[in-house]
Amino acid sequence: MIELEGLRKIYYMGKIEVPALRGIDLEIDRGEFVALMGPSGSGKSTLLNMIGLLDTPTAGKIVIDGVDISSLNEDERADFRLRKLGFVFQFFSLLMELKAIENVALPMIMNEKGYDRAESLLELVGIGDRALHYPSELSGGQQQRVAIARALANEPAILLADEPTANLDTASANQILELFRELNNRGQTIIMVTHEPDLGEKADRIVKLKDGMVMQ
């Protein structure tokens, strides 16, 4: 499903090179639930952003679902993200002026699918009864469920989650991980960044990073 070969990323602070990824080789199978773990600054989020086409590598190759990402122009990358990838962020990133069902429907409207699946997705994540509530009327765990439903709106091949439980209490965090496990059991490929060992252990596989490299 995902093939990374020699993936490198260097950022620059003035003339100083700051290597974030130092040659990542990694394969992730279709339907796998992978947790990316490691200390702060190890390259976890940078790697997730590369897979999510939110950033471009300095060197190396990324192939997702048989497509060599380096061959795509900016418009094609944007279209690929919309059709193939779903994103769940630490801070939910919901539009506060829109109701839950409207937040979920937004990417489907962009993809000309309208509201067809929004209600059923909210049911899937367990908050169908909150469809007409605004984010300010929802708990943190409920807001994250809306964000997950939105990420699933266009039936993405891959769900990418960057510290999705970092702003949640322990009970809500465990519920979100149980939801991920349920989605994965339905065949959803999931890649999740987390620093919590007990949450990472709920994935099929843990990929540990340190200093921009995969630890063997």
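**Reading cavities, pockets and a helix pair**

Q: Which elements each supply at least two residues of the lining of the largest cavity?

A: Three names to look for: α1 (44–51), β6 and β7 (158–162) each give at least two residues to that lining. Bear in mind that this is a predicted model.

Q: Which residues line the largest cavity?

A: From the α1 range come Leu48 and Asn49. Leu54, Phe87, Val88, Phe89, Leu160 and Asp162 are also in the lining. By class, the lining has 6 nonpolar, 1 polar and 1 charged residues.

Q: What is the volume of the largest cavity?

A: About 40 Å³. The structure holds 1 cavity of 30 Å³ or more.

Q: Which element gives the most to the lining of the largest pocket?

A: Helix α3 does, with 4 residues. At least two residues each come from α2 (74–84), β6 (85–88), α3 (100–110) and α5.

Q: How do the residues of that lining divide by class?

A: The largest pocket is lined by 13 nonpolar, 4 polar and 2 charged residues. Arg150, one of those closest to the centre, counts as charged.

Q: What volume does the second largest pocket have?

A: About 150 Å³. Start with the run of Thr165, Ala166, Leu168, Asp169 and Thr170, which are among its lining residues.

Q: Which element gives the most to the lining of the second largest pocket?

A: Helix α6, with 3 residues. Both α6 and α7 (197–200) supply at least two. By class, this lining has 4 nonpolar, 4 polar and 3 charged residues.

Q: Let us turn to helix packing. What describes two packed helices?

A: Two values do: the angle between the axes and the distance between them. Here, helix α5 (residues 140–151) packs with helix α6 (residues 170–185) at an angle of about 20°, and their axes are 10 Å apart.

Q: Why is α5 described as roughly parallel to α6?

A: Because angles under 35 degrees count as roughly parallel, the angle of about 20° makes α5 roughly parallel to α6. The crossing of α5 past α6 is right-handed.

Q: Which residues make the contact?

A: On the α5 side, look for Gly141, Gln144, Arg145 and Ile148. On the α6 side are Ser172, Gln175, Ile176, Leu179, Phe180 and Leu183.

Q: How do the residues of the contact divide by class?

A: The contact of α5 with α6 has 5 nonpolar, 4 polar and 1 charged residues. Arg145 of α5 counts as charged.

Conventions: Residues are numbered from 1 along each chain as its sequence is written. This is a predicted model: local features need pLDDT of at least 70, side-chain atom pairs count only at pLDDT 80 or more; totals for chains, interfaces and linings use all residues. Side-chain values use heavy atoms; hydrogens and water are left out. Axes are lines fitted to C-alpha atoms, for helices over the stretch in contact, and angles run from 0 to 180 degrees between N-to-C directions. Angles under 35 degrees count as roughly parallel, over 145 as roughly antiparallel, 65 to 115 as roughly perpendicular and the rest as oblique. A crossing is left-handed if the near helix is turned anticlockwise from the far one by less than a right angle, and right-handed if clockwise. Contact means heavy atoms within 4.5 Å. On a 1 Å grid over the protein atoms alone, a cavity is a set of points where a 1.4 Å probe fits but cannot get out, and a pocket is an open set with protein on both sides within 12 Å along at least five of seven lines; lining residues have an atom within 4 Å of a point. Grid points are joined across faces, edges and corners, and a volume is the space filled by probe spheres set on the points.
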